[in-house]
Amino acid sequence: MPVRRLDPGKIREALDAQLADLGRPPFDGPESAAGNACVLAVLDAYENGRTPVRTAARAAVRHLLDELAARAPGRSVEVRVPPYAAVQCVEGPRHTRGTPPNVIETDPRTWLELATGRLSWAGATDAGKISASGSRADLSALLPLW
């Protein structure tokens, strides 16, 4: 099953909304860099004590979840970042109905920090920022993504 990607135009739109909220000019880089720029803009909002623009936070979370699913294809682990998105990834036995046996759930800020290396898996687990169940519910070998 191919990984679905967010529409690049929607990522740029969300990024520009977040940059405007931060008092910055619109993004003028290439479309291929908009996803990562959106992640950084949302993290900047969090770090400055602001609530990120909802569409930007969603785009940033989805962008990095899609990247995880592309790097670790499979359906044995479900990673949930409510209220924005969830993906299945990691090779192994897949589930077909009900709650999967390997589930990871975290909040948007924690996911962005994990995926970008600003927070370690062990640090997030120790701080209780991750809910993980199942024998495969450990992404420490796959993170950070960049």
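This is a predicted model: local features need pLDDT of at least 70, side-chain atom pairs count only at pLDDT 80 or more; totals for chains, interfaces and linings use all residues.
**Stop 1: helix α2.** Select residues 34–47. Helix α2 has 14 residues. From first C-alpha to last, the helix reaches 20 Å, close to the 20 Å expected at 1.5 Å a residue. Now colour by burial. α2 is mostly covered, with 10 of its 14 residues buried. Among them are Ala 34, Gly 35, Cys 38, Val 42, Leu 43 and Tyr 46. What lies over them? The cover includes α1 (8–21), α3 (54–71) and α4 (108–115).

Stop 2: Select Gly 49, which follows the helix. Its phi is positive, near 75°.

**Stop 3: helix α3.** Move on to residues 54–71. α3 has 18 residues. End to end, first C-alpha to last, it reaches 26 Å, close to the 26 Å expected at 1.5 Å a residue. Show its buried side chains, including Arg 62, His 63 and Asp 66. Leu 64, Leu 65 and Leu 68 are buried in α3 too. Which elements cover the buried residues of α3? They include α1, α2 and α4, along with strands β1 (77–81) and β2 (85–89).

**Stop 4: Thr 106.** Go to strand β3, residues 103–106, and pick Thr 106. Is Thr 106 buried or exposed? Its relative accessibility is 7%, so Thr 106 counts as buried. Next, show Lys 129. Its backbone oxygen lies 2.7 Å from a polar atom of the Thr 106 side chain. Then widen the selection. Setting aside neighbours within four places in sequence, Thr 106 is in contact with Arg 80, Val 81, Pro 82, Trp 111, Lys 129 and Ile 130.

Definitions and conventions:
Residues are numbered from 1 along each chain as its sequence is written. Side-chain values use heavy atoms; hydrogens and water are left out. Helices (H or I, at least four residues) and strands (E, at least two) are DSSP runs, numbered from the N terminus. Buried means under 20% relative accessible area, exposed over 50%, partly exposed in between (1.4 Å probe, protein chains only). A polar contact is a pair of N or O atoms within 3.5 Å; within protein, one must be able to donate a hydrogen and the other to accept it, and residues adjacent in sequence count only if both atoms are side-chain atoms. Contact means heavy atoms within 4.5 Å. The expected span of a helix is 1.5 Å times one less than its number of residues.
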